[in-house]
Amino acid sequence: MEYKLSFKDYHKALMKNKLMGLKCKACGTITCPPQMSCRNCTGFDLEVVELTGKGKITTYTTIYVAPEGRENEAPYIIVLVELEEGPWIMGNLYDMDPARADLDLIGKPVELGTRIFPGDKYSDGPAARPVFRFTDGK
Ligand SMILES: [Zn+2]
């Protein structure tokens, strides 16, 4: 069994600001980030699709103590976003001062952008991470 969309290809697309997912041909469910099988019916008949990257915030957390090598990024906000296509993905939210983050964030429309980070001790070379911004510009 092979991955239709490897994590490497997913990451490569992310570097170009594209969010790729997998659509199940059996039930139509979109899976993202990529897995070997459909997250709904565990089917293996998947096709690669490009996602809009638009969705709304379902929950968030503020990181005050960053992992080793990323200390200078803290504090920052991590959001869990429910995409229009259904899957939930995590990313950074840079549009807001972490000190101002409150429950009003939940339900806010956001869209994906990508920020390229220099490599750290956990990666081999620069890494792209999903970053969200408010769709309404606020
Ligand atoms: Zn399925």
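Modeller: Four donors count as tetrahedral if all angles lie between 85 and 135 degrees. Keep that in mind for this predicted model.

Biologist: Why is the site of the zinc ion called tetrahedral?

Modeller: Its four donor atoms make angles of 105 to 118°. Those values lie between 85 and 135 degrees, so the site of the zinc ion is tetrahedral. Ideal angles for four tetrahedral donors are 109.5 degrees.

Biologist: What makes Cys24, Cys27, Cys38 and Cys41 donors of the zinc ion?

Modeller: Their SG atoms lie 2.3 to 2.4 Å from the zinc ion. In sequence the donor residues follow C-x2-C-x10-C-x2-C. Cys24 sits in strand 1 and Cys38 in the loop between strand 2 and strand 3, so the pair ties together parts 14 residues apart in sequence. Both Cys24 and Cys38 are buried.

Biologist: Why is the pair Lys25 and Asp45 called a salt bridge?

Modeller: The closest N and O atoms are 3.8 Å apart. The limit is 4 Å, so the pair qualifies. The two residues are 20 apart, with Lys25 in the loop between strand 1 and strand 2 and Asp45 in the loop between strand 2 and strand 3.

Biologist: Why is Lys25 called exposed, and why is Asp45 called partly exposed?

Modeller: Exposed means over 50%, and Lys25 has a relative accessible area of 51%, so Lys25 is exposed. Asp45 has 43%, between 20% and 50%, so Asp45 is partly exposed.

Biologist: What makes Lys56 and Glu82 a salt bridge?

Modeller: The N to O distance is 3.5 Å. That is within 4 Å, so Lys56 and Glu82 form a salt bridge.

Technical notes. Residues are numbered from 1 along each chain as its sequence is written. This is a predicted model: local features need pLDDT of at least 70, side-chain atom pairs count only at pLDDT 80 or more; totals for chains, interfaces and linings use all residues. Side-chain values use heavy atoms; hydrogens and water are left out. Donors are N, O and S atoms within 2.8 Å of the metal (3.2 Å for Na, K and Ca); water is not among the atoms, so sites may look incomplete. Four donors count as tetrahedral if all angles lie between 85 and 135 degrees; four count as square planar and six as octahedral if opposite donors are over 155 degrees apart and all others between 65 and 115; anything else is irregular. Helices (H or I, at least four residues) and strands (E, at least two) are DSSP runs, numbered from the N terminus. Buried means under 20% relative accessible area, exposed over 50%, partly exposed in between (1.4 Å probe, protein chains only). A salt bridge is a side-chain nitrogen of Lys or Arg within 4 Å of a carboxyl oxygen of Asp or Glu.
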